Amino acid sequence: MKLTRDRHVVVGADFAGYPLKEAVKEHLQERGWTVHDLTPSQEDAPMYHRVGFMLGAQIAERRFEKALAFCGSGMGIHVAASKVPHVHAAVCESVPSALRATTANNCNLLAMGAFYIAPRLGKAMADAFLDHEFGDGYEDWDGFADYHRIGFDECENFDYGAYRDNGFEVVNPGEAVLGDEPRGLAF
């Protein structure tokens, strides 16, 4: 698997997200990242959902640890990528939300919408998402990692049939005690 700590990321965009993807890709390459682009041509870019499936497959097949997805709103590509097993996608429109997606929710795909995100903001969001990992910044919050790991694991292993058969309750839910939020934590 190509890991973010080794500065590898996979990217893709539909026609609407293509210009933002190009700006973010150039920025990451300037910072020493190896960027694997599944959509190198705007004219040949597949429909948003197909790009989402393509990127999701890179994660599901354990080729890449993290991906960046770009479409007009970020929503459609996010929905499609989320249909692929092992994808934990986030659609974000700010640096704090991109940071939180990786540090608290352990997301492995960040979707951005070029209709709403300017290139400079997209670059900062990509940096926040790729330069951090689960738990960063929350080391002093007792129970934080356990609490959020349960959420990740229950999503990763979710079986709708079992959930339905259990009266729409999580089967064997995990439990964690979340301590008081540390003073000075901004988000």
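Biologist: Hi! Which residues do ring pairs link into a cluster?
Modeller: Phe158, Tyr160, Tyr163 and Phe168 are joined that way (Phe, Tyr or six-membered Trp ring centres within 6.5 Å; planes under 30 degrees apart are stacked, over 60 edge-to-face, the rest tilted). This is a predicted model, where local features need pLDDT of at least 70 and side-chain atom pairs 80 or more, while totals for chains, interfaces and linings use all residues. Numbering starts from 1 along each chain as its sequence is written, and side-chain values use heavy atoms, without hydrogens and water.

Biologist: How many aromatic pairs does the structure hold?
Modeller: There are 9 aromatic pairs. One of them is Phe115 with Tyr116, edge-to-face at 6.3 Å centre to centre, with 85° between the planes.

Biologist: Is Phe115 buried or exposed?
Modeller: Phe115 is exposed, at 58% relative accessible area (buried is under 20%, exposed over 50%, partly exposed in between, with a 1.4 Å probe and protein chains only). Tyr116 is exposed too, at 53%.

Biologist: And what about Tyr160 and Tyr163?
Modeller: Those two form a tilted pair, 6.3 Å between centres and 45° between planes. They sit 3 residues apart in helix 7 (residues 160–165), so about one helical turn separates them. Tyr160 is partly exposed at 45%, and Tyr163 is partly exposed at 24%.

Biologist: Switching topic: what lies over the face of Phe129?
Modeller: Lys66 does, 4.6 Å from the ring centre (the cut-offs are Lys NZ or Arg CZ within 6 Å of the centre and 35 degrees of the ring normal).

Biologist: Is Phe129 itself buried or exposed?
Modeller: Phe129 is buried, and the buried residues of helix 5 also include Gly122, Met125 and Leu130.

Definitions and conventions
Helix = DSSP H or I, 4+ residues; strand = E, 2+ residues; numbered from the N terminus.
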